[in-house]
Amino acid sequence: MLTVVSELRPLQLLSYLTVILLFQLTDAKRDLKSACLTCQQITENFNKGFERTAKQNFGGGNTAWEERKLSKYETSEIRLVEIVEGLCDSSSFECNHMVEEHEEHFETWWFKRKTKHPDLHKWFCVETIKVCCPKGTFGRDCSSCVGGSERPCHGNGECDGDGTRGGNGKCSCNHGYTGEFCLDCIEGHFSEARNDTFSLCTECHSSCKTCTGATNRDCEECKEGWEETDQEACVDVNECSGDPPPCKEDQYCLNTDGSYSCKACDKVCSGCTGPGADQCQSCAGGYHESEGTCKDVDECSQPDPVCTEEHQKCINTHGSYMCVCTGGYEEKDGKCVQTVPEEKDSEASEATSDPHGEL
């Protein structure tokens, strides 16, 4: 038993070390991508600062004097410091750390390399501190992405780590494309044109699950909600014509391409074939048919009164009516009784108000 345990421990240790190593590699790739993004932001902010400080603090009337002073300021250390101070937000540790660590490179480029190497991102991020790669390449050695650096993923996807020293170069294909090289078409799309380096995938007709062309006659298989006709075309199934109908009694069926929906009937209807009071199969209680539509019944205007209690009056409502007591009366136990005025204790009132009243 001890021998088995002793043999398992090295295997367990090896598996733990493998997991830790994989996490470290993942973090390293993530850090490499992050470093490039930070560097790219720094160089973009440098270019913005360069534009912002162009002809700064000049605008007077002495043009000749300004030109002499301006030419000195354009390449001065003062201008460089003003630009560098605006490269990072105070809260961005990674940005500020990168600028502080490589401050001398900005001075070198500004005074010695700017004319020959005007692209700061390429000179600083790609060639000097080497945290980025040229577009279309990835990884520590700036290897070409799948499909080549000119058209990564054959123009149909994104290369993991593109332009950074991280990533693995695998393609994330755009919608409609699939496969390692993003040259294959997903289900619901067909290949309109393809060779070893180019692929154009086009969406099938809405009735097709799979297809060979763009029309409903090019379906290899119809989608659910569509059916193939004798002419070998996929057409919509009208679910609303089914027996029994798919919707409830107080709903009507609305057919759509490949499907259907159930909508509530108008409240004046008892069953309907469509929206509105003129699409009722019959009228709901409290409504009657008039000129092809269901209208409210005014119960209060009927020959026989509907409110029969004494001192009641009728109020018509949509689809019904209400019986309420007339003024001066209130309902009590289903009857309208006269409202009793509040009684006052006159004697108590007089005693309180009369200062000469007896105790």
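In this predicted model, Cys-247 and Cys-262 are joined by a disulfide, with a distance of 2.0 Å from S to S. A disulfide is a covalent bond between the sulfur atoms of two cysteines. The two partners come from distant parts of the chain, since Cys-247 sits in the loop between strand S12 (234-236) and strand S13 (251-256), while Cys-262 belongs to strand S14 (residues 259-264), and they are 15 residues apart. The torsion about the S-S bond of Cys-247 and Cys-262 is about -85°, and the disulfide is therefore left-handed.

How far each partner is covered can be judged from its relative accessibility, where buried means under 20% and exposed means over 50%, with partly exposed in between. Cys-247 has a relative accessibility of 13%, so this residue counts as buried, whereas Cys-262, at 31%, counts as partly exposed.

A further disulfide connects Cys-265 with Cys-272, again with the S to S distance given as 2.0 Å. About the S-S bond of Cys-265 and Cys-272 the torsion is about -85°, which means that this disulfide is left-handed.

Turning to another part of the chain, the sulfur atoms of Cys-153 and Cys-171 lie 2.2 Å apart, and the two residues form a disulfide. A pair of cysteine sulfur atoms is taken as a disulfide when the atoms are within 2.5 Å, and by this rule the count comes to 19 disulfides. Cys-153 lies in the loop between strand S2 (143-144) and strand S3 (157-159), and Cys-171 lies in strand S4 (residues 171-173), so the pair ties together parts that are 18 residues apart in sequence. The link of Cys-153 and Cys-171 is left-handed, with -100° about the S-S bond, and both Cys-153 and Cys-171 are buried.

UniProt, in an unreviewed entry, places the feature "domain: EGF-like" at residues 141-183 and 296-335. What are the helix and strand contents of residues 296-335? In the model this span is 0% helix and 45% strand, and the C-alpha atoms at its ends lie 28 Å apart.

Conventions. Residues are numbered from 1 along each chain as its sequence is written. This is a predicted model: local features need pLDDT of at least 70, side-chain atom pairs count only at pLDDT 80 or more; totals for chains, interfaces and linings use all residues. Side-chain values use heavy atoms; hydrogens and water are left out. UniProt positions are given in the numbering used here, feature names are shortened, and annotations may be inferred rather than shown by experiment. Helices (H or I, at least four residues) and strands (E, at least two) are DSSP runs, numbered from the N terminus. Buried means under 20% relative accessible area, exposed over 50%, partly exposed in between (1.4 Å probe, protein chains only).
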